[in-house]
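Dear colleague,

I am passing on the structure below, together with notes on what turned up in it. Please read the notes with the coordinates open beside you.

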Amino acid sequence: MAGGVLEFRTVDGALLRYRIVAIIVSILLVVLFGIGLPLHFAGHHDAVDHIVGVVHGAIFFPIYILLTLDLTRRVRMTPIQLVLTVIAGAVPIGSFYAERKTTQYVRERQATLADVAAGS
């Protein structure tokens, strides 16, 4: 970081990685809660529940947490924003909303810091 201003290339890359994984986690949650669990409880079909549950819980959610931590560090989000973003990643429809709000926050922060840097 030069002069206290965020390096836009590194933030843009971190944001892109976060958004991709956040959308994948969101889709997996919708499939798990909308298809897998109803099939599990109504028809005792465990295949979707087990496969999507493992892919979500063991692979993508830990990656989501790491990428959220990385983005938080780069953008200097508050610990409360970090915790809320991670928790929202565990809520089926809330994760779509959290991805949108986090992207909006990062882009607004970039624009503000760019304006400050241009004014200096």
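**Helix α2 and its kink**

Helix α2 has a kink of about 40 degrees at Phe-60, shortly before the proline Pro-62; the bend at a residue is here the angle between axes fitted to the seven residues ending there and the seven starting there. Please bear in mind that this is a predicted model, in which local features need pLDDT of at least 70 and side-chain atom pairs count only at pLDDT 80 or more, whereas totals for chains, interfaces and linings use all residues. Residues are numbered from 1 along each chain as its sequence is written, and side-chain values use heavy atoms, with hydrogens and water left out.

The 29 residues of α2 should span 42 Å at 1.5 Å a residue, and its end C-alpha atoms are 40 Å apart, which agrees; the expected span is 1.5 Å times one less than the number of residues. The buried residues of this helix include Asp-49, Val-52, His-56, Leu-67 and Leu-71, where buried means under 20% relative accessible area, exposed over 50%, and partly exposed in between (1.4 Å probe, protein chains only). Val-48 also lies in helix α2, but counts as partly exposed because its relative accessibility is 28%.

**Aromatic pairs**

There are 2 aromatic pairs in the model, counted when the ring centres of Phe, Tyr or Trp (its six-membered ring) lie within 6.5 Å, with planes under 30 degrees apart called stacked, over 60 edge-to-face and the rest tilted. One of them is the stacked pair of Phe-61 and Tyr-64, at 5.7 Å centre to centre and 25 degrees between the planes. Because Phe-61 and Tyr-64 are 3 residues apart in helix α2, about one helical turn separates them, and both residues are buried. Ring pairs also bring in Tyr-18, which forms a cluster with Phe-61 and Tyr-64.

**Salt bridges**

The count of salt bridges comes to 4, each being a side-chain nitrogen of Lys or Arg within 4 Å of a carboxyl oxygen of Asp or Glu. Asp-70 forms one of them with Arg-17, the closest N and O atoms being 3.6 Å apart, and this pair links distant parts of the chain, since Asp-70 is in helix α2 (residues 47-75) and Arg-17 in helix α1, 53 residues apart. Asp-70 is buried, with a relative accessible area of 16%, whereas Arg-17 counts as partly exposed at 38%.

Asp-70 also meets Arg-74 in a salt bridge (3.0 Å, N to O); the two are 4 residues apart in helix α2 and therefore separated by about one helical turn. Arg-74 counts as buried, at 18% relative accessibility. Through shared partners, salt bridges join Arg-17, Asp-70, Arg-73 and Arg-74 into one network.

A further salt bridge joins the side chains of Arg-19 and Glu-99 (2.5 Å, N to O), and this pair too links distant parts of the chain, with Arg-19 in helix α1 and Glu-99 in helix α4, 80 residues apart. Glu-99 is buried, with a relative accessible area of 5%.

The 26 residues of α4 should span 38 Å at 1.5 Å a residue, which agrees with the 37 Å between its end C-alpha atoms. Among the buried residues of α4 are Ala-98, Thr-102, Val-106 and Leu-113. Phe-96, in helix α4 (residues 94-119), is partly exposed at 34% relative accessibility.

Phe-96 belongs to a nonpolar surface patch with Ile-23, Ile-27, Val-30 and Ile-93, which together have about 410 Å² of accessible area. Patches are made of residues with over 30% relative accessible area and no salt bridge, like charges being joined within 9 Å and nonpolar side chains (Val, Leu, Ile, Met, Phe, Trp, Tyr) within 5 Å; accessible areas come from the Shrake-Rupley method with a 1.4 Å probe, and for residues only the protein chains shown count as cover. Helix α1 (residues 8-43) supplies the largest share of the patch, 3 residues.

**Positive phi in two loops**

Most residues other than glycine have a negative phi. His-44, however, has a positive phi of about 55 degrees although it is not a glycine; His-44 is found in the loop between α1 and α2 and is exposed, with a relative accessible area of 64%.

With kind regards
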